[in-house]
Amino acid sequence: MQGKNKTFRLAALAVAALVLISTTGHAATFTVNSLFDDTFSNDSNPGDGTCLDSSPNSNTCTLRAAIEEANALAGPDRIEFSVAGEIGPDSGLLGPLPDITDELVIFAGNAPGATFGGPPMVYLDGAAVDPSSDPFAAGLRVVSGSLEVFDLGIVAFPRAGIEFDNGIDGGRVDRCWLGLDADGNVDAHPSSLSTVGVRLLGSNAVIGKSGPPGALTGLGNIISGNAAGGIQILGDANTVLGNTIGMTLEGLVARGNGNYGIFMFDTADSNRIGGGDPGDDSGNHIANNSLGGIVVDGSGNEVDANTFGFKPGTGVFFASGTTAIEVAGDGHVIGGAEGNRIVDRRSGTKANILLGRTPVGGDTPATNVLVTGNRIGTETVSLGSRYGIRVAVDGSTGNAIADNLINNTTFGVQIDADGNTVTRNQLGTEPQLGSGNQWGIQVSSANNEISENTIGNSEFEGILITGAFNLIFANDIGFAAGIGAVGNGRGGIEIRSGTDTLIQGNRILNNGGPGIAIRDIGSIEGITVLGNSIRSNEGIGVDILEFDGSFMPGPTLNDPGDADTGANRKMNYPEFGEAVPVPGSDPLETVVTYLVDADTANQAYPITVDFYYGQRVNGYGRRDGSALIGSDTYDTPGASKTLTLTLPGGIGADWHFSALATDADGNTSEFAPARSLGEMLFRDGYEE
Ligand SMILES: [Ca+2]
Ligand SMILES: [Ca+2]
Ligand SMILES: [Ca+2]
Ligand SMILES: [Ca+2]
């Protein structure tokens with residue numbers, strides 16, 4: 001910009017400088033025909049309906065004079081430009097322009113050389129505004145009235161490019177470049193500047209595209225290269241749409257802002273970042289900002305349809321190394337009809353979406369946030385990151401992680417705070433990528449519900465639990481509807497620590513280890529396994545991993561009276577006697593004899609025994625179960641019991657069955673060795 005200024009200045013002098021004033025109703029249009037800003041640049045007579053500056057024999061209108069006149073003249077006004085170039089140090093701008101105090105539109109879209117959506121032809125450059133005397137100076141600040149700005153470039157003011165002050169209602173900024181010069185470079189100004197692109201203290205402003213759905217106007221702003229961040233939001237109900245934040249216009253070159261791309265303070269309520277109808281490209285494109293993409297705080301804010309790490313259609317992906325969306329506060333929606341798309345590679349412990357912030361000065365939880373419909377690691381490039389979606393910080397509760405797609409992370413979803421829900425997510429199942437997470441879901445906290453997720457292609461287990469009082473319900477682990485087998489590399493679920501977890505109604509198939517593994521640690525109790533479909537895994541259905549140098553898979557055999565201790569008190573599994581089909585029964589009924597060898601001193605009565613049938617293809621002795629077919633209450637220690645199992649249609653006496661025993665404290669055994677549904681065994685009726 002600097003080198004061009006002399007040219008612009010000469011051009012300005014050469015203009016046949018008519019002072020153009022037109023009025024439409026009560027609205028006046030003032031046309032700036034001089035880039036100068038010097039001792040003669042003030043309006044010669046504010047309120048007289050012209051923006052003639054105070055130079056001798058003036059026929060020039062400066063931006064300063066135009067703003068002064070528009071402020072002084074009652075009613076809405078408009079400022080346009082018949083000159084192109086920079087209003088900055090080389091044209092004499094040494095201090096900030098006047099605050100805007102009335103309704104004003106500033107339109108630079110018909111300045112000489114301007115093209116719709118192209119680089120601005122008029123720039124404000126605050127490089128010579130002294131930050132020590134004007135630390136809060138903005139390129140444009142509206143303090144009363146309103147402001148709409150189009151097609152203007154602004155760089156290097158100490159506080160912000162554009163600021164909407166407290167109490168301002170409405171306003172628009174579109175097609176402006178804030179922070180980059182017209183060549184797409186970051187203006188090289190003193191590092192003492194702490195410029196933010198846009199600061200929103202008011203409400204109902206639209207930054208970027210606006211208009212009714214399907215009739216969007218404008219192309220969004222380029223907000224890149226600002227030292228202190230792209231956009232700060234302190235007010236309510238503002239909308240930020242279709243901006244490019246941290247890149248050049250085309251999205252090909254990194255031009256990150258310092259700090260965050262968008263930062264909401266805890267006063268920010270009901271703002272919307274991105275969104276609109278699917279496909280209308282009204283999301284923001286955010287990458288390369290030094291601390292992260294977006295911070296959401298306050299309450300009831302929405303963030304949807306944005307892209308992080310790339311601008312769609314470019315084929316260029318940036319590895320930001322930071323968290324894309326950090327969330328504190330209450331009741332936000334992250335994602336929605338379209339969802340945010342996030343290219344990964346977050347360095348260290350960074351997450352793509354993090355609920356619960358840990359800034360300097362104290363942790364701030366996120367509560368009652370819905371994170372939905374987001375796609376993480378599902379672009380054509382997947383760079384890998386540690387956490388897809390993470391909930392952290394004590395007090396982050398009531399959050400719902402629902403219907404997201406996550407690939408290629410260490411932990412697809414990680415829950416490190418109590419009382420949250422993870423439901424209907426697809427983890428590692430994008431077939432075109434085939435790259436799973438190392439673990440689909442990891443839970444290290446309490447009272448969470450993990451339900452109806454599909455988890456496949458994990459390098460290790462589908463779900464890893466190290467917390468207590470969690471519910472693992474109705475998940476598909478190693479199997480995806482519409483895709484088929486997507487086995488995880490090791491087991492389906494592993495419990496490494498914690499108590500009182502209910503694992504119910506899951507389908508756990510095709511995995512490379514046990515269906516459910518429980519490390520043999522005595523502090524693990526109350527792991528209840530009920531009504532799951534567990535089959536076709538390489539390991540046994542439920543496996544207490546005994547420690548022998550490492551935690552080893554394989555059957556843990558019953559001991560007399562069940563005196564042994566360990567995980568789930570090493571509950572003994574049921575032992576079967578004969579299974580006698582009822583003659584002529586169709587569907588098949590079989591009378592099964594069984595007992596549970598557990599002294600009352602060792603296990604809590606009554607004991608629940610759940611019977612499962614197994615696939616015919618499973619070999620004799622297989623220890624798992626395809627579906628629950630009946631339950632019985634076992635309340636007399638040492639007694640042999642019989643019950644009649646009624647099988648689903650199509651299952652014959654050559655199919656197998658197995659069972660799990662669960663004591664009254666919720667400790668479930670391993671599966672018993674499977675038996676044929678119609679088989680007499682051993683003279684005494686018992687195998688062992
Ligand atoms: Ca005047
Ligand atoms: Ca006015
Ligand atoms: Ca075992
Ligand atoms: Ca035992």
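**A buried helix**

Helices (H or I, at least four residues) and strands (E, at least two) are DSSP runs, numbered from the N terminus. Because nine of the 10 residues of helix 2 (residues 63-72) are buried, this helix is largely enclosed by the rest of the structure.

**The model and its confidence**

This is a predicted model, in which local features need pLDDT of at least 70 and side-chain atom pairs count only at pLDDT 80 or more, while totals for chains, interfaces and linings use all residues. Residues are numbered from 1 along each chain as its sequence is written, and chains are lettered from A and ligands numbered from 1 in the order in which they are written.

The pLDDT, which is the predictor's confidence in each residue on a scale from 0 to 100, averages 90 over the protein chain, and 90% of the residues score at least 70. Over residues 1-20, however, the pLDDT is below 50, and this stretch has 41 contacts in the model beyond near neighbours in sequence. Residues 681-688 also stay under 50, with 11 contacts beyond four places in sequence.

**The chain as a whole**

The protein chain has two helices and 61 strands, and buried residues make up 57% of its 688 residues. Two residues are in contact if their C-beta atoms, placed from the backbone, lie within 7 Å; of the contacts with a separation of 6 or more, 72% are between residues 24 or more positions apart.

**The largest nonpolar core**

A nonpolar core is a set of buried Ala, Val, Leu, Ile, Met, Phe, Trp, Tyr and Cys residues joined through C-beta atoms within 7 Å. The largest one holds 168 residues, of which A66, V198 and I262 touch the most other members. This core draws at least three residues from each of domain 1 (438-554) and domain 2 (574-676), with bounds that come from an automatic or database domain assignment. Leaving out residues up to four places away in sequence, I262 touches G230, I231, I233, V240, I245, I273 and I294.

**An enclosed strand with parallel partners**

Five of the five residues of strand 39 (residues 439-443) are buried, so this strand is largely enclosed by the rest of the structure. Two strands pair if DSSP finds at least two bridges between them. Strand 36 (residues 409-415) runs parallel to strand 39 and is joined to it by four bridges, with I441 of strand 39 as the bridge partner of V413. Three bridges also join strand 39 to strand 42 (residues 463-465), again in parallel, and here V443 has I465 of strand 42 as its bridge partner.

Three strands form an open sheet in the order 55-56-59, with antiparallel pairing. Strand 55 (575-581) and strand 59 (641-646) stand at the edges with a single partner strand each, so one side of each is left without a neighbour in the sheet. Five bridges join strand 55 to strand 56 (residues 589-595), and P581 stands opposite T590 in strand 56.

Another open sheet has four strands in the order 58-57-60-61, and its pairing is antiparallel. Its edge strands, strand 58 (627-634) and strand 61 (675-676), each pair on one side only. Strand 60 (residues 656-662) pairs with strand 61 over two bridges, and the bridge partner of H656 in strand 61 is S676.

Note on methods. A residue is buried if 20 or more other C-beta atoms lie within 10 Å of its own, exposed if 12 or fewer, and partly exposed in between; C-beta atoms are placed from the backbone.
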